[in-house]
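Dear colleague,

I am handing over the structure below, and after it I set out what was found. Please read the notes alongside the coordinates.

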Amino acid sequence: MPAEPLVTLSGVHKSFGAFKALSDITLSVAPGEKVVVCGPSGSGKSTMIRCINGLEPYQQGKITVAGRYLTEEEEVGRAVRQEVGMVFQSFNLFPHLTILENCILAPQWVQGKSRDEAVETARRYLKRVDILEQADKYPIQLSGGQQQRVAIARALCMAPRLMLFDEPTSALDPEMVKEVLDVMTDLAREGMTMICVTHEMGFAQAVADRVIFMDRGRIVEQAPPRAFFTAPQSARAQEFLAQLLH
Amino acid sequence: MMRYLLADPARLRRIGLGFGFVILVAVLTLVNQKPWTPEALSGLNPWVLRLGTALVLALLVMANIRALGLLPRAAQVWGVWIELFLLLMAFFWSFDLSFSFIARKIGFLITQGVAMTLYISALSILIATVIALVGAVAKMSKNGVIYGLASFYTSLFRGLPLLMQIYIIYLGLPQVGYVIGAVPAGVLALSLCYGAYMTEIFRAGIESIPRGQSEGATALGLAPAQSMVLVILPQAMRIIIPPTGNQFIAMLKDSSLVSVVGVWELMYLARTQGQTEFRHIEMLITASMIYWLLSIGLEYAQSRIEARFGRSNAR
Ligand SMILES: Nc1ncnc2c1ncn2[C@@H]1O[C@H](COP(=O)(O)OP(=O)(O)OP(=O)(O)O)[C@@H](O)[C@H]1O
Ligand SMILES: [Mg+2]
């Protein structure tokens, strides 16, 4: 793709004290591209995507998002986060607000939209994740799968150019995984740029343009999903996939 | 020993009751300096009379507890309250109070004293809340200077007796050229002292909210202040409100310390109004009852607020 990349990481290093969580990460994601990140626990997947929206500072290298150089400056971070939606493993919905209020909070306070305007947008996205009927309930009254769909809608309400997902289905009961993956698949089909940490291989095969395998803070292997899942090159990836299938 | 006591619940109960009875008799014997002395027994050793009176009284107490035990729970609570209240009144009655004097003064105690006490307490709790909010945020700051300021503040103002703070502010500020009135000095001292305590309450409340909440807010693009006010504090309030209510009740009574610099609040009036006619005890008891009533009112308000907050946050 000749288009300018939406996200670039070049030579990024990140440590927590003496512990090196990311080593020399270089990666670029084009607009509309879908990247799935996988790897064993503690390999730095969460840390990497949290660096991309400035939730974690990094010590070396350079990250750009939508052409903006992501520094530690608060203003820069906030500007970047307005372009980037993030969905967490634990949903992180605000329990004291209704579903609708969860979705209009940031558009109103960050984008300065009027309440009516924000509500209209929110209702559109809630409808899209098929949860509009629950708009006036509180998060605790919803199932995990419904909560995660709300979290996706809430992120979409900010009209992001990039969506980050950190194991969005791994806190869910098995029967709810599909409803969330379906929403994500739809989103991918509509052309959203996505970086998604997940071990859902079916989803990766169906949606991803590229799979990135991480181990011990490094990107060990990158390949299209078919190639990665059928013929992983590195020994670590082979081991990891064998365990995943066991 | 432990085994002997715990093995048989009925025995434990008997031993406990017996033990309580003995202690009650002992205390009553030692404390009661004017035992009941019928004519016929007036020649006896006073200690025998004391012991006899104590036994009778203790038996009455035990019988009373037994009788209360037969009632349903709510009636038990009311029964205990009414009995103890009557005892308290009997205690006051024994002072031979002049009720006409109280009636003459109570109006002023309320219009001036209670009004000033409530004014000082309410203003101070308001300022203390603001201080506590700023202090809590500062105490969680990564910036060492800010943390240093906040921790020095809380350490100093929690470490000095409130009375000392009132004197230092009232007498000390004029030394550096800033003359301060008694009321502002009192409010300042109360606010700073309670602000320091409440800083810890607010910090604990804020820290009890899971990290994911502020991360979720940050990821949506909210600025730190927005995330604090719109997301964290509304949730933290449920944890902050109950101890803050206690602080308010405590402050209501600690505001009496401000009387030392001559503020005409309830305590000051209670001490001074009785002087001219040597009716100190009347005023002190009246003021005490007023403090108690105010506290009960606040406790009630607090329980209402808690209930309301609990509901709106019912998730
Ligand atoms: N705030 C932190 N302080 C110290 N160490 C941390 C912190 N966050 C993460 N780490 C460490 O960094 C490493 C990478 O963590 P990360 O959460 O990115 O792994 P992960 O690949 O997402 O793993 P998982 O699959 O378990 O989510 C881990 O060893 C973790 O212990
Ligand atoms: Mg992770």
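**The sheet of chain A**

Strand β9 (residues 210-215) of chain A pairs with β10(A) in the antiparallel sense over five bridges, where strands are DSSP runs (E, at least two residues) and helices are DSSP runs (H or I, at least four), numbered from the N terminus, and two strands pair if DSSP finds at least two bridges between them. This is a predicted model, in which local features need pLDDT of at least 70 and side-chain atom pairs count only at pLDDT 80 or more, whereas totals for chains, interfaces and linings use all residues. Residues are numbered from 1 along each chain as its sequence is written, chains are lettered from A and ligands numbered from 1 in the order in which they are written, and side-chain values use heavy atoms, with hydrogens and water left out.

In β10(A), A:Arg218 is the bridge partner of A:Asp215. The open sheet consists of six strands in the order β6-β7-β8-β3-β9-β10 (chain A), with mixed pairing, and its edge strands, each pairing on one side only, are β6 (84-87) and β10 (218-223) of chain A.

For chain B, the automatic or database domain assignment gives domain 1 (2-93) and domain 2 (102-313), and their C-alpha centres lie 41 Å apart.

Best regards
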